[in-house]
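This report describes the fold of a single protein chain, then turns to selected residues and helices. Please consult the sequence and the structure shown below while reading.

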Amino acid sequence: MQEPKHRVGIIGIGMVGAPLARYFGEGGWRRGESLLLYDIDPKKNYSDDVNKAEVVFVSVPTPRSADGSCDIRALESSFGMLKGDKIVVIKSTVSPGTTERLQNQYPNFKVLFNPEFLSESRAWEDFIRPDRQIVGFTEKSLDSAGLVLSLLPKAPFM
């Protein structure tokens with residue numbers, strides 16, 4: 001892991017966000033300084049100001065709606081709390097087109113998508129030893145894809 005060059009924020013410290021936070025924490029990012037964590041559950045005690053981060057990973061629940069689509073209200077709420085120019089990486093399950101729609105809705109952000117391939121029982125192991133690392137981007141966020149990939153664990157297929 002490299003020396004932290006960018007402040008990283010994580011919204012949603014659950015099954016996906018917790019391994020991500022651990023990875024950055026073990027890699028030299030300091031909580032409250034270069035690693036800013038936020039979760040709406042007050043029991044988790046993560047209320048850092050993620051707006052201080054340049055790169056924000058959003059890993060909030062997107063449960064299945066009655067019609068089978070992803071309920072992205074938590075994701076939209078997370079985007080709504082961010083201010084300024086940011087690289088925002090969606091790590092939640094979303095329908096195709098969501099990244100582009102949010103890019104159009106929030107033109108001051110560079111919106112990317114980085115899916116997770118984790119099993120609940122082995123989330124940490126799956127996270128640090130991925131068989132693939134994928135970053136989807138919009139036309140506007142293409143120049144940030146390499147940076148996002150450089151922050152994540154290396155994989156045989158990137």
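## Basis and overall fold

Helices and strands are DSSP runs numbered from the N terminus, a helix having at least four residues and a strand at least two. The model is predicted. In these terms, the protein chain contains five helices and six strands. Their order from the N terminus is β-α-β-β-α-β-α-β-α-β-α.

The radius of gyration of the protein chain is 15 Å, which agrees with the value near 15 Å for a compact globule of 158 residues. The C-alpha trace spans about 40 × 35 × 35 Å along its principal axes. Of the contacts with a separation of 6 or more, 62% join residues 24 or more positions apart.

## Surface and charge

Of the 158 residues in the protein chain, 45% are buried.

## Val 88 in strand E4

Strand E4 comprises residues 86-90 and includes Val 88. Is this residue buried or exposed? Val 88 has a relative accessible area of 0%, and because buried means under 20%, Val 88 is buried.

Setting aside residues up to four places away in sequence, Val 88 touches Val 56, Val 58, Phe 79, Leu 82, Phe 109, Lys 110, Val 111 and Leu 112. Of these, Val 56 and Val 58 fall in strand E3 (55-58). Asp 39 lies 49 residues from Val 88 along the chain, and the C-alpha atoms of the two are separated by 16 Å.

Helix H2 covers residues 73-81, and its buried residues are Leu 75, Ser 78 and Phe 79. Viewed down the axis of H2, these residues fall within an arc of 100°, so they line one face of the helix. An α-helix has 3.6 residues a turn, so residues three or four places apart point the same way. The buried residues of H2 pack against strands E1 (8-11), E3, E4 and E5 (109-113), and against helix H3 (98-105).

In helix H5 (residues 142-151), the buried residues are Ser 144, Ala 145, Val 148 and Leu 151. They cover an arc of only 125° around the axis, which puts them on the same side of H5. Their packing partners are strands E1, E3, E4, E5 and E6 (136-137), together with helix H1 (17-26).

## Two loop residues

Which residues does Ile 134 contact beyond its neighbours within four places in sequence? These are Phe 113, Asn 114, Pro 115, Phe 117 and Phe 157. Ile 134 belongs to the loop between helix H4 (123-128) and E6, and its relative accessibility of 31% makes it partly exposed. Met 158 is 24 residues from Ile 134 along the chain, yet their C-alpha atoms are separated by 5.9 Å.

Asn 45 is in the loop that joins strand E2 (35-38) to E3. With 56% relative accessibility, Asn 45 counts as exposed. Most residues other than glycine have a negative phi. In Asn 45, however, phi is positive, near 60°.

Conventions: Residues are numbered from 1 along each chain as its sequence is written. This is a predicted model: local features need pLDDT of at least 70, side-chain atom pairs count only at pLDDT 80 or more; totals for chains, interfaces and linings use all residues. Side-chain values use heavy atoms; hydrogens and water are left out. The radius of gyration is taken over C-alpha atoms; the globule rule is 2.2 Å times the number of residues to the power 0.38. Buried means under 20% relative accessible area, exposed over 50%, partly exposed in between (1.4 Å probe, protein chains only). Contact means heavy atoms within 4.5 Å. The arc is that of the directions from the helix axis to the C-beta atoms.
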